[in-house]
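Hi everyone, and thanks for coming.

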Amino acid sequence: MSSSTAAATDGSTRLEIRPRYEGSNICTWIGFKHVNYMVEEAVYDHLRQRGFPAGELYERCGLGVDITDLDTKILTAFHIDSVATAVVRPAPDKGDGLRLVVEMTTERDGEPVKAVVSKVAVQLRFDPRGHEAEEAPAELAGYVVDRLGAGAEAILVQPGTDPLEQLTAGRNAFGWAWRMPYFYCHFTERVQMSGYLRQMEEVVDLFLEDRGVSIKTLLDEQDWIPVVPHSRITVLDEARMEETLYTVFTVENIFKRYTYTARMDTYVLRDGVLVPTTTGRITHGWAVIENRADWSLVDFDDRLINALSGKAGKAVGRGTA
């Protein structure tokens, strides 16, 4: 459910929105991926309210609206029936796309509380598929690009070396290779931000299983669930439908026994080099389920600390997502 109001004179817009039922995976709490989906919807609604609906931009001007940087802090957990009020405001230009700030509030015990703060960049990718297109609206012309991303240096694959082995060697890292399906893409062929969010969610799941502390294991044995206060993904280049995406998940920091932060880097292999397509970070804590409605954060035990600090692992290939 969502409903929007007219855009304000300061350029901000407001949207009321509920999380999708799909995101209510453990009890009634909403996972980080679906919180980011709410941020995405607020951004697309903002453009719509400003007179630039994504469908019209593509059909008339050949411009695909792509979120290329998504930096989200979750301050308060959403439940499946929560109503969020999202306010989207223009932010200072950093030269990497249209910059916006999304703030979401929700009610707790009848009082509004800040739930989410997200910083977003949007680029308009021109599709030259041989069809005539109108000029981009003047207000958006500065955000039109021929290729997405900020760019990053490619990595030469050593002859006879498995790309994942090369990318994870000597690091506290986990690697995963999987073919990008059409339903992770949009505007015909490009992997979109929501596809990378799904990739980040699944690589965490695979990493924890590989280290012997799978989400189900800790649920069954300790009533523990992972929680995410912060995530970020930045697009560096384009990945295309049916390319193999090499995803590397590297543990960077364990803060006391409270949270850990890991980096996700994704690549596609082209002409013998690994082209970086995204980089991102995610911070996790763990919480104990107290009842069907409440949880509280816990300190990591030795098993979890040892797993997060362990040796590199690898999983190659997946048939489903």
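I'll go from the overall shape to the core, and then to the spaces in and on the protein.

A word on the source: this is a predicted model, where local features need pLDDT of at least 70, side-chain atom pairs count only at pLDDT 80 or more, and totals for chains, interfaces and linings use all residues. Residues are numbered from 1 along each chain as its sequence is written, and side-chain values use heavy atoms, with hydrogens and water left out.

Let's start with the whole protein. You can find six helices and 19 strands in it; helices (H or I, at least four residues) and strands (E, at least two) are DSSP runs, numbered from the N terminus. Its radius of gyration is 20 Å, close to the 20 Å from the globule rule for 321 residues, so the protein is as compact as a globular protein of that length. That radius is taken over C-alpha atoms, and the rule is 2.2 Å times the number of residues to the power 0.38. Along the principal axes, the C-alpha atoms fill a box of roughly 60 × 60 × 30 Å.

Now, the inside. Of the 321 residues, 49% count as buried (under 20% relative accessible area, with exposed over 50% and partly exposed in between, using a 1.4 Å probe and protein chains only). The largest nonpolar core has 76 residues, and Phe 78, Val 102, Met 104, Tyr 260 and Trp 286 have the most contacts inside it. Helix H4 gives the most to this core, nine residues. Apart from it lies another core of nine residues, including Leu 164 and Val 248. By nonpolar core I mean a set of buried Ala, Val, Leu, Ile, Met, Phe, Trp, Tyr and Cys residues joined through side-chain atoms within 4.5 Å.

How many disulfides are there? The count comes to zero, taking a disulfide as a pair of cysteine sulfur atoms within 2.5 Å. As for two cysteines, Cys 61 counts as buried because its relative accessibility is 7%, while Cys 27, at 34%, counts as partly exposed.

Next, the open spaces. On a 1 Å grid over the protein atoms alone, a pocket is an open set of points with protein on both sides within 12 Å along at least five of seven lines, a cavity is a set where a 1.4 Å probe fits but cannot get out, and lining residues have an atom within 4 Å of a point. Points are joined across faces, edges and corners, and a volume is the space filled by probe spheres set on them.

The largest pocket holds about 860 Å³. Of its 37 lining residues, Gly 31, Phe 32, Pro 226, Val 227 and Val 228 lie nearest the centre. Strand S14 supplies the largest share of that lining, five residues.

The second largest pocket has about 360 Å³. Here 18 residues form the lining, with Arg 20, Tyr 37, Glu 40, Glu 41 and Ser 194 nearest the centre, and helix H1 gives the most, eight residues.

Finally, there are two cavities of 30 Å³ or more. The largest has about 60 Å³, and its lining includes Asp 66, Leu 148 and Tyr 196.
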